[in-house]
Amino acid sequence: MGKFDKSYAELQKELAAQDAQLAEIQNAETRFENTGDIGALISFWESLWNNGGLLFNGSRWAFRLTDLYIKIKEYDKALRALKRIKGKAYQDKKQSYIQRIEKLSGRTPW
């Protein structure tokens with residue numbers, strides 16, 4: 001097997017893992033839409049982040065756990081969730097979330 005074949009096989013494996021994770025996310029979100037069980041959805045997202053986080057880029061999903069914590073007014077947890085988001089492309093959005101959380105919680109900047 002040549003170098004190209006190995007790289008192609010690795011890429012296919014990575015893409016399959018991303019597709020599988022996205023399908024899990026969509027299933028969890030559909031269950032939430034059907035049941036309204038925000039606790040179960042938060043548990044899903046916490047587990048996802050505790051097991052390596054997102055396997056793909058997408059700001060909607062990267063900030064989903066933070067959004068859920070804000071919705072239930074768990075501002076400390078929302079800030080901790082933000083710290084897990086590492087991509088440079090998300091830095092401005094993270095800062096915007098920090099400011100929003102500070103305003104909602106009545107805190108001074110951290």
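How many aromatic pairs does the structure hold? The structure holds 4. The model is predicted, and the points below should be read with that in mind.

1. **F63 and Y90.** These two rings form an edge-to-face aromatic pair. Their centres are 5.7 Å apart, with 85 degrees between the planes. The angle is over 60 degrees, so the label edge-to-face applies. F63 sits in the loop between α3 (59–62) and α4. Y90 sits in the loop between α5 (75–83) and α6 (91–105). The pair thus links distant parts of the chain, 27 residues apart.

2. **Burial of this pair.** F63 is buried, at a relative accessible area of 0%. Y90 also counts as buried, at 11% relative accessibility. Both calls follow because buried means under 20% relative accessible area.

3. **F63 and Y97.** Y97 belongs to helix α6, whereas F63 is in the loop between α3 and α4. The two residues are 34 residues apart, and their pair again links distant parts of the chain. Y97 is buried, with a relative accessible area of 10%.

4. **A ring cluster.** Ring pairs also join F44, W45 and W61. Together these residues make a cluster.

5. **The salt bridge.** How many salt bridges does the count come to? The count is 1. The side chains of E29 and R64 meet in this salt bridge, at 2.8 Å from N to O. E29 lies in helix α1 (residues 3–35) and R64 in helix α4 (residues 64–71), so the pair ties together parts that are 35 residues apart in sequence. Are E29 and R64 buried or exposed? Both are buried.

6. **Q21 in helix α1.** Q21 is placed in helix α1. Its relative accessible area is 8%, and it is therefore buried. A polar atom of the Q21 side chain lies 2.8 Å from the backbone nitrogen of L55.

7. **Neighbours of Q21.** Which residues does Q21 touch, leaving aside those up to four places away in sequence? Q21 touches L48, G53, L54, L55 and F56.

Definitions and conventions:
Residues numbered from 1 in each chain as written. Predicted model: local features only at pLDDT ≥ 70, side-chain atom pairs only at ≥ 80, totals over all residues. Heavy atoms only, no water. Salt bridge = Lys/Arg side-chain N within 4 Å of Asp/Glu carboxyl O. Helix = DSSP H or I, 4+ residues; strand = E, 2+ residues; numbered from the N terminus. Buried < 20%, exposed > 50% of the residue type's maximum accessible area, 1.4 Å probe, protein only. Phe/Tyr/Trp six-rings, centres within 6.5 Å; stacked < 30°, edge-to-face > 60°. Polar contact = N/O pair within 3.5 Å; in protein donor to acceptor, adjacent residues only side chain to side chain. Contact = heavy atoms within 4.5 Å.
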